[in-house]
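Hello,

Here is the structure we talked about. My notes on it follow below.

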Amino acid sequence: MSLLRFRLRDGHREYLILEAHEPFPEGHEDVSAGRGWWLERHLHQLSRDEGNLRTLRNVLYAHGHLASFGPLSTEQVARQAAALFSLGSLRLARAPLPLSTQAPAFPEALLAVAPPPTQEEPRWLKVQVLDDVSGAPVAGLKLRILLSDDSEKQATTDSDGLIELKGIPPGHATVSSDLEGATLAETLALVKVEGLPPPRDEEAEAGDAGSKPRFLARLIEHRVRDGETLESVAERYETTVDALGQFNWSTTEPAQIQRHLYLDVGCTVRKGGKFVFTRRDSPGILFVPQPLSLRRLAVERHHTLRVKQAYEPRGYLFSA
């Protein structure tokens, strides 16, 4: 279901609410990923407008987040909507300002006498990743960091869950995830971003620099539908059957993938020797990873990313 009809307004600004798989309209800016408490506060401010509040209620209803025992308060609506954006279920796109509200260009004569920009000193940046529950550092997490001069650094968190860059240009950085080789068991989800280093917890276990790699991603929980196949789901999310098999079950072997479709997805219907999905499949869930991008992280700051396991295995009871 497309959510493009859901729009929020703030003065001259307009925001579009998108499903995780929907492309961004040209000229729009992603303001949902990694915003945490800021996003919740901003949604709460937008909810003071009755039209925006009604829109967010409709979005929550569409995702099954409205309580059956009564209407949610404005604070609850903002909190639950922010959770959908932070977890990657939805994305918030900010439209460009109308031309009538943009500042006019300066005359060329004024531009000609403008003083040359001063050369700024190189700066530093620290990004630390911690488990949100235990506070323990997360080692072995691969990240890409795009700097203001368009150069890119690839780094992995050390035993303190830390990546530290020195001698970088001033401005802001974009931190994104590297999902090559990711599997469901090794994937983490972002809970929130903090702009200050956390107090040191002496009881928190140190990260293991030699442990298996970890990955940070937005995780789409796809509920299978009648007539879908693994191939059609892969095509929908612009990925491959091998990539889905590798991420969900750590295998690309066709026979093993079919076995997991039976055991883990609950498929029961075969056509041409392969399973075909139905809405009666139980649990009927496939997981699709999407890269996570945290934009405009200021340099000369210690940013703390609090994460959790992206998926907690569920127990199922089988009759003898």
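Is Phe 275 buried or exposed? Phe 275 is buried, at 6% relative accessibility (buried means under 20% relative accessible area, exposed over 50%, partly exposed in between, with a 1.4 Å probe and protein chains only).

This is a predicted model, in which local features need pLDDT of at least 70 and side-chain atom pairs count only at pLDDT 80 or more, while totals for chains, interfaces and linings use all residues. Residues are numbered from 1 along each chain as its sequence is written, and side-chain values use heavy atoms, with hydrogens and water left out.

The structure holds one aromatic pair (rings of Phe, Tyr and Trp, the last by its six-membered ring, with centres within 6.5 Å; planes under 30 degrees apart count as stacked, over 60 as edge-to-face, the rest as tilted). The ring centres of Tyr 262 and Phe 275 are 6.2 Å apart and their planes are at 15°, so the pair is stacked. Tyr 262 belongs to helix α7 (residues 254–265) and Phe 275 to strand β13 (residues 274–276); helices (H or I, at least four residues) and strands (E, at least two) are DSSP runs numbered from the N terminus. The charged end of Arg 270 also sits over the ring of Phe 275, 4.1 Å from its centre (NZ of Lys or CZ of Arg within 6 Å of the ring centre and within 35 degrees of the ring normal).

Leu 147, in the loop between β6 (142–146) and β7 (152–156), is buried at 4% relative accessibility. Its C-alpha is 4.7 Å from that of Ala 173, 26 residues away in sequence.

Regards
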